[in-house]
Structure formats: C-alpha cells, structure tokens
Amino acid sequence: MTAPSTEAAGFDIALGDIADLSEVVDREALRDICRSFFDLFNLSVRIYAADDTLLASVSEPAELYTYLQKFPKGRKVVSETVDQVKRTRPTDSSVLRHQTIMGIVYDVVPITYQGRPVGRFVIGPFVPAELEQVPKALVRLDPNLDRLEVRDLLMKLPRVRANTAERITSHLRGVLDLLLFSSHRAHLTSEMHVASVRESYRELAEKTSKLQHAYDRLKELDQLKSNFLATVSHELRTPLTSIIGYSEMLEANIAGELTGEQREFVETIHQKGNQLLGLISSLLDLSKLEQGVMRLTLSDADPKAVIGDLASTFLPHAMKREIAIETACEEGLPTLRVDPLRLKQILSNLAENAIKFSADGGTVRFAARYTDWEDDADGAGAVLMGSSRGAVAFDVVDTGIGMRASELEKIFDAFYQVDGSATREHGGTGLGLSIVKRLVEAHGGNISVTSTYGEGTTFTVTIPEPEE
Amino acid sequence: MQVDFHGREITVKLVYYGPALSGKTTNLQAIHQLVTAETAGRLMTLETRDDRTLFFDLLPLTFSGGKNLQVRFKLFTVPGQVMHNATRRLVLQGADGTAFIADSQKTETKANQQAFLNMRENLSENGIDPDSHPVVIQFNKRDLPGVRTDAEIDRMASKGREPVFKAVAIRGVGVIETFLGLTELTWRHLEAKHQLHEKFGLEPEEFLSTVRERLGIGRAAE
Ligand SMILES: Nc1ncnc2c1ncn2[C@@H]1O[C@H](COP(=O)(O)OP(=O)(O)OP(=O)(O)O)[C@@H](O)[C@H]1O
Ligand SMILES: Nc1nc2c(ncn2[C@@H]2O[C@H](COP(=O)(O)OP(=O)(O)O)[C@@H](O)[C@H]2O)c(=O)[nH]1
Ligand SMILES: [Mg+2]
Ligand SMILES: [Mg+2]
C-alpha cells in the first residue's frame, strides 16, 4: 500500500513545523503591527524573514542621514551602517546591538518559534538616552560639517533608555509570538483539513477500485456460468430428443403391440422426457437472454389475433379444471412489431401461471387495451424527453391464490418460487417469469404485477407501438 | 526524526494514540503544566466546539543536547473518534515513538483493543514496522471505579513487550513517567538506527539524564 502523501509545498505535516515567518504570517498583518509600534514609540522597525526578505517596514528617514550624505565620508558612513545592519544576524536568541560611530544604535532581535529561528526584526536608528554629547568621530567626518546642525539633528532622533529598549523589544517579541502561534494554528488547521480530505479520498478510491475489481471478477464468473449452462443445455437436448423419439415410436406400436403396463411405463417416459426438454429449453432461453444473444424475428402482429390464439390454446386445459376463460379486446388497436413466437411464449407463461395458481372453478381473463407509453423519464423535462407513443397492454387476470406484496419483487428472479409447499403442489422450476421479464424487455416493453393475497393476480405486459 | 546538521538540531516526533476520550489531550496538558516554560512551548490544540480533538494537539519541548546541539520533541495527539482515521494516519506519519493511552475502565476494553489494532494498521500503512516501532502503554483514569486492578494489569503487562505505566492524567500522576519511558525507548531505538552518539557526540545515557533532570526526576529517583 502506498504511503499517504503530503504534497503541499513547504509544509511538513509530519512535524507541523514552519521554517519561515512568511510561510504563515500575513504581510499585511505584520505591516499593521509595525505601524502601531511606530505610532506608539516613534521608533522605526523592520521585520525580516529567515531568508533576509524584508517582510514589513515602517520608518521615517533620519534627517541626520540626509544631511550627512552631502559629504563624501558621511555618505560612506551612512551607507555602510545601513548595509551592516541589514547583514547583522543573531546566532542565538539574544538581542544584538549594532553600534555606529555616529552614536546611533540599532537593536537586531531574533524571532524564534518553537525553539527555531524564523526571522528577525530591527529597531532603530535611535540614540541611547545615556549619550551626552555628539561623538567626536562624527564631528570629524568632514571639516565642513556644521557642528550645531549635526547636534540638532542627532537630538531629533528618538532617545531611548536601555531598560526601555528592552521592554519595547520584549513587547514586540511577545506580540509577534502570539501572532505566529495563532497564524500557525490556522495554517495547520487548514493544511490538515485539505490533507485529511485528500487522504480520505485516497482511501475511498482505493476501496472503490477493490470493489470494482471484485465486481468485474463476479461478472466474469457469471459469464462463465452462462456459457456453461448454454453448452450443457445443448448437449443434454440431443440425447433427450432421441429418448423422446424412441418412446413415441414405442407408443405407436412400431416395435410391436405393448401390454397395458408397458404402455403406461412408456407414456410416463415420454411425458417426463418432454418435461425435461421444457426445462432445458427454458435454461437455454435464460442463458441466451442473459448473454444478450437472443435473436428476435420481428414481424407484424395483431393484438386481437394474439388474444384469440391464446384463449383457444388454453381453453382445453382450463376446461379440465372448470376454469372459465374470458377475453376482452379493444377495437382499433395498432399492429405491433414483435417476434410472434416469443410474444406467445410470454403470454402463455402468464396464462399457465394464472391457471396453475387458481382454484378449480375460477376465472382467467385475457385482455388487450390501448395505453400511453411511459418512458423512463422521471418527469424531469418530460415535455422534451417523453414521447407521444402509445402502447398495447396485455392483461392476464386470475382469481387465484394471489401473492403478498413482499413477494412481488422477487418472483421475476430465476428459480424463485413463493414457497416450498406451493412448489410441490404446483410443480415447475421458477424459471418462467424470469424468462418472461427478459423477453418483454428484449421487445422494449415492460411487465408489471398487482396482486391481492387470496384474491387474485394481474400481470400486465406493455409493448410500445412501433415508432413512426 | 528530522536532522538538521547545519542548524545542529534534531527533531523527534512522539505521538499519543488511543481511543476517543482516553485522556491523550489531558496527558499533553499535564506535561505542559508540569514542565517549565523554558522547556515547553505553547500547547496548540486543534479542536472542535465540543472539545473533541479534531486534528491533533501539539506540544513542542526543547532540550539542549550539549555542544550547541538542540533536541526538539514534538508531542502530537490523534483524534480518537473512529471516523477520523484518515487524520490519525496523517498524524502518525514519521512518528518515532508512540504512547498508547488506554482507558482503564473495564467497559473500555474493546475500544482499547480496537484502537491498538488500528494504530498498528496505520503504522504499517505509513511504512513503519509496528513490531519494531517503540511503543509504551499507559493505563489512564486509575482513579475511576470499575477499572482493572493493578495486579491484573501487572500480570498482563508481564506477557507483553511494551513498558506499561499507570496514570491519573487529570491529576498529572504518571504522566511524566510515561513520557520519560517513551523518550528512553525511542531514544535507544534512534541511537541504534542512526548512531547519534557517533554523529553528534550525544551520549544516550547522558542525554536521557539531562531530560530526566529537566523534568524534575533526578538520577536517584530511578
Ligand atoms: N398468477 C399467479 N398467482 C399466484 N402466484 C403466482 C402467479 N404467477 C406466479 N406466481 C408465483 O411466482 C412464482 C414464480 O413464477 P414462475 O412462472 O417464474 O415459476 P413457476 O411457475 O413456479 O415455474 P415454471 O414457470 O418455471 O414452470 C411461482 O412459483 C408462484 O409462486
Ligand atoms: N477520572 C479521570 N478522568 C480523566 C483522566 N484523564 C482524562 N480524563 C477525562 O477524560 C475526558 C477525555 O479526556 P481527553 O484528554 O480530552 O481525551 P482524548 O480524546 O484522548 O484527548 C476529559 O473529560 C478528561 O477530563 C483521569 O485520569 N481520570
Ligand atoms: Mg410459471
Ligand atoms: Mg483529545
């Protein structure tokens, strides 16, 4: 498994460290702090990152420097001072005081965070309050310097007592530390947020791909099963056809007259052979339908004729059980484009069930009617997406044992039968409806069922009329 | 562990792991209170409004390793709630040692076990071998009723290889001992792996006794 990744540049979740001020603190905020510091103490302040980038600065040009720059040596001293201050870097956590020959000083203060240097700030130029007179070195810079002017300008610079300087720097340190802490926390929170989401996503993606793999494998197995079923069904059919053929010949006395008992046995062989053949054909149909290789031979079919044919086929069977057969067919139904044999297979299966699950003396009704074709569109943009096609609905209605609502969604599964005892009483394999459903779908139609337990069941097969 | 040769600095990451509400945050709070400001930095907590740890808590400790070498410890806690597993795994990244904080109440046995397995799993996923990773176990909340007896814990502890500590973290009892136990175990492990003695002249026993002293436990108290 891959280790979680933390890609955010410069950010180390592993340790939650910051290497540099600028990583977490907003420059705007630093500038505001410098500004309020300046307003409060009238001292210039600059904040540098660990890599010497100037992050914020609020200062007033020292008039003394402006004056000194009029003289060559003065210019040199000023620029050297500015340069040296910029390059002064504290090595530990103590404050460095930069002295100049002008008597002016700067305090360079390290900013540490969690025991690490992350930057520094510089306070100054200012003059220590203890300074009594203009340093000689300053006056000697140039013979043309106006002593009084220099003195005035030097005294214009902020004068700070030693312990005041200490208090001021430690105050600014404290403020920066707090700012760093809360910025660091906000920074970590948002980084963790992103990292956690990314990590959760990675985990999820990994699981999904595992599931997908398992699913693909299952699908493969399912395919194998279907292939196996098709082969086996086919191989079983050939010898079975012979068995049925020979038993028919025996029944027809082609091999000589049979005794009463012999005839009875041969008839049983014939009948059971046919049953087995039916089962094998169903399995074959199912696997073909599952693999999507069932071919439909489409031709025109008149719904009225379909109903008539269905009734006459089942009449003898129904009469034996004293079940009445009713038909109802609307006039003027459209001609359908279907595979007539398959449509008959569909309706026959439903009719067979209707009779099988009715008590003697019941009624079974076959009906055909015109209805709207309901597309899958769930109302969204129906006006655009829906079609104005019609459809023919075939109802197979019985007054039999019915089913509970909870069973209705399962009866279309292969081999499902409502309960064990019914199976024994009524026989069958539970393949009928699963084939029916797939055949209906292969025609672009749909099948629905409504049932009241103990009162009867209605199956409705809807086949859309051909598109214009 | 992170080594900065240039800045002469070693950073060690220790993680407080365990089921939700076992007292991980409380351990860090106690250490923060017991240790001087010179050693411990601010305790940072990243928590939700209901005081549950959302991402982690973080307490930095800094010790001097002599010869201007700095040794920083970063103590993290993980969020215990089951749903924060991704965060736990992230926090465990690069951990050098782990203190597993168990809740002593018998009713929490199952939660302790699950969290422990979860820890081992997350260590593995971070590419850390859970069998060689330094782990100490703390049985916290010894003050509550319905906890395993000391004798029971001792008997079970003798079967395991992890050092076991008993604690009442809200009163600071056993917290420093747990931290020291973890530090010792982790340091010896790091020494064996990275030869810190050789590279930095940092003698393990010497360093550990510096840590002990700084935490107010002298050599004699051992
Ligand atoms: N008209 C009906 N009334 C009550 N129950 C029904 C009706 N039609 C189907 N069922 C229930 O649905 C189950 C599945 O029907 P299906 O046609 O798939 O299988 P079968 O009739 O049992 O066996 P086969 O059709 O393979 O011979 C039936 O076993 C029965 O329990
Ligand atoms: N009685 C008792 N309660 C404790 C102890 N340690 C922590 N708690 C309490 O347990 C609760 C959860 O502690 P917390 O540290 O937030 O748990 P975490 O989820 O592991 O970080 C808090 O209410 C603590 O006060 C202890 O030793 N004894
Ligand atoms: Mg059937
Ligand atoms: Mg917590």
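Which side chain has an N or O atom 2.6 Å from an oxygen atom of ligand 1? The side chain is that of A:Gln417. The model is predicted, so local features need pLDDT of at least 70 and side-chain atom pairs count only at pLDDT 80 or more, while totals for chains, interfaces and linings use all residues; side-chain values use heavy atoms, with hydrogens and water left out. Residues are numbered from 1 along each chain as its sequence is written, and chains are lettered from A and ligands numbered from 1 in the order in which they are written.

Ligand 1 is surrounded by 18 residues. A residue counts as near a molecule if one of its heavy atoms lies within 4 Å of it. The closest are A:Asn353, A:Asp398, A:Gln417, A:Thr429 and A:Leu433. Polar contacts are pairs of N or O atoms within 3.5 Å; within protein, one must be able to donate a hydrogen and the other to accept it, and residues adjacent in sequence count only if both atoms are side-chain atoms. On its own, ligand 1 has 600 Å² of accessible area, and the protein covers 94% of it. Accessible areas come from the Shrake-Rupley method with a 1.4 Å probe; for residues, only the protein chains shown count as cover.

Helix 10 (340-356), helix 13 (432-442) and strand 13 (456-464) of chain A each give at least two residues to this shell. Helices (H or I, at least four residues) and strands (E, at least two) are DSSP runs, numbered from the N terminus. By residue class, the shell holds nine nonpolar, seven polar and two charged residues. Ala, Val, Leu, Ile, Met, Phe, Trp, Tyr, Cys and Pro count as nonpolar, Asp, Glu, Lys and Arg as charged, and the others, Gly among them, as polar.

Ligand 1 takes up space in the second largest pocket. A molecule sits in a pocket if more than half of its atoms lie within 2 Å of its grid points. A pocket is found on a 1 Å grid over the protein atoms alone, as an open set of points where a 1.4 Å probe fits, with protein on both sides within 12 Å along at least five of seven lines; lining residues have an atom within 4 Å of a point. The space in this pocket is about 1300 Å³. A volume is the space filled by probe spheres set on the points, which are joined across faces, edges and corners. The lining has 43 residues, with A:Glu352, A:Asn353, A:Lys356, A:Gly428 and A:Thr429 nearest the centre. Helix 8 of chain A supplies the largest share, eight residues. The lining divides into 15 nonpolar, 20 polar and eight charged residues.

Ligand 2 has a shell of 15 residues. B:Leu21, B:Lys24, B:Thr25, B:Thr26 and B:Asp143 are the closest. A polar side-chain atom of B:Thr26 lies 2.5 Å from a ligand oxygen. Backbone contacts to ligand oxygens come from B:Ser22 at 3.2 Å and from B:Lys141 at 3.3 Å. Ligand 2 exposes 580 Å² when taken alone, of which the protein buries 76%. Helix 1 (residues 24-34) of chain B provides the largest share of the shell, three residues. Six nonpolar, six polar and three charged residues make up the shell.

The largest pocket has a volume of about 1500 Å³. Its lining comprises 46 residues, and those closest to the centre are A:Thr112, A:Gly115, A:Arg116, A:Pro117 and B:Gln70. Helix 7 of chain A gives the most, six residues. The lining divides into 18 nonpolar, 16 polar and twelve charged residues.

A:Gly124 and A:Pro125 are joined by a cis peptide bond, with omega about 5°. A:Pro125 is in strand 5 of chain A. A:Phe415 has a positive phi, near 70°, and is placed in the loop between strand 11 (390-398) and helix 12 of chain A. Most residues other than glycine have a negative phi, and most peptide bonds are trans.
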